[in-house]
Amino acid sequence: MKTILMTGASGGVGTYLRHELAGKYKLRLSDRRPLKGLAKQETFARADLAKMADAMRITKGVDAIVHLGGYAVEGPWEPILESNIIGCYNLFEAARRNGVKRMLFASSNHAAGFYPRSETIDHRVYPRPDGRYGVSKVFGEMLGRLYSDKYGMEVLNMRIGNVGVRPIDKRRLSIWLSPRDLAQLVTIGIEHPGIRFEIVYGVSGNQRSWYDNSNAVRLGYRALDDAEAFATEVLASEKPGDPVAERYQGGAFCVIEEAENPSAPARVASGKKRAKKKAKKAKRKR
Ligand code: 15L
């Protein structure tokens, strides 16, 4: 049985994936936060990927890495820099030094979030990140490109939409990824023999998809789910949003400013504090 390192295992995507992959692999779970309730084939290795020593310790002796760890939404630069730039670099470099061949990178739809919703995009489009977070995902993809070309690492980038048991709004009807479809893509990433460097979209077979996911299909992906089954219910409670957010695939990420992200309370609180301080200072100067 292969040993797979899963970073960011305490997060939402990690939790779904652990459940879906149970019994298929030995899972070495890792996160900055402690994790309780391990299943039979699971072990936990606490790590802060901003520290190279931690990255070296957890990547020893694994067959593949599923890198979910990082700052997962648009937000202030500092935590994105620490987790998604420094942490991501440390992980790739530690993997290389420890001889790990296979890397599955949880990229995001936000690496290309500034494409309009009227356009269907495939894995070959030029990135159009919709914020600092999106830029950090492009960085991760390009680290993969470098480590593949220079060191022969085998890299699958999954531009994940939104993982959940159901799509939560109109935008997610186009980018939803069910847990079992996520597991199918991850399994392809671990098992497919011919991977060098690939980009696929981490979305289910949604009728309203903005993606031509033929590269995933070429690798054997056959999505089992389609968000359309939830469309009537979802659209009944949909309220009109910001017109810019509505125009682009990345939605609200395209308009969010540093201190505005309600889905990142802890970090944003400090971002807000900083913004207030800055404003006060500027007022005093005036
Ligand atoms: C992402 O990349 C985020 O990690 C996730 O929290 C969602 O915001 C998702 O994109 C989305 O676009 O819905």
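Author: Welcome! Two strands pair if DSSP finds at least two bridges between them. Keep that in mind as we read this predicted model.

Reader: Happy to. Which residue of β3 is the bridge partner of S30?

Author: The partner of S30 is A45, which belongs to β3. Stepping back to the strands themselves, β2 covers residues 26-31 and pairs with β3 in the parallel sense, over five bridges.

Reader: What is the order of the strands in the open sheet?

Author: Seven strands make up this open sheet, in the order β3-β2-β1-β4-β5-β6-β9, and their pairing is parallel. At the edges are β3 (42-46) and β9 (197-202), each of which pairs on one side only. From one strand to the next, the twist averages 20 degrees.

Reader: Which strands does α6 lie across?

Author: Helix α6 lies across β1 (3-7), β4 (64-67), β5 (102-108), β6 (154-160) and β9. Its direction is at about 145 degrees to β5.

Reader: Now for helices. How should I read the packing of two of them?

Author: The general idea is simple: two packed helices are described by the angle between their axes and the distance between the axes. Here, α1 (residues 12-21) packs against α6 (residues 179-191) at an angle of about 75 degrees, and their axes are 9 Å apart. An angle of 65 to 115 degrees counts as roughly perpendicular, so α1 is roughly perpendicular to α6.

Reader: Which residues of α1 and α6 meet?

Author: From α1 come Y16, L17, E20 and L21, and they meet P179, R180, L182, A183 and V186 of α6. Sorted by class, this contact of α1 with α6 has seven nonpolar residues, two charged and no polar ones.

Reader: Let me try a single residue. Is V163 buried or exposed?

Author: For this we need a cut-off: a residue is buried if 20 or more other C-beta atoms lie within 10 Å of its own. V163 has 25 C-beta neighbours inside 10 Å, so V163 counts as buried. You will find V163 in strand β7 (residues 162-163).

Reader: Which residues is V163 in contact with, leaving aside its neighbours within four places in sequence?

Author: Those contacts of V163 are G12, V13, Y16, L177, P179 and L182. As for R180, it is 17 residues from V163 in sequence, with 9.9 Å between their C-alpha atoms in space.

Reader: One last stop, the ligand. Which residues are around the ligand?

Author: Around the ligand you will find A72, V73, S108, N109, H110 and N162. This shell divides into four polar residues, two nonpolar and no charged.

Conventions: Residues numbered from 1 in each chain as written. Predicted model: local features only at pLDDT ≥ 70, side-chain atom pairs only at ≥ 80, totals over all residues. Near = placed C-beta within 6 Å. Nonpolar A, V, L, I, M, F, W, Y, C, P; charged D, E, K, R; others polar. Axes fitted to C-alpha atoms, helices over the stretch in contact; angles between N-to-C directions. Helix = DSSP H or I, 4+ residues; strand = E, 2+ residues; numbered from the N terminus. Parallel < 35°, antiparallel > 145°, perpendicular 65-115°, else oblique. Contact = placed C-beta atoms within 7 Å. Buried ≥ 20, exposed ≤ 12 C-beta atoms within 10 Å, placed from the backbone.
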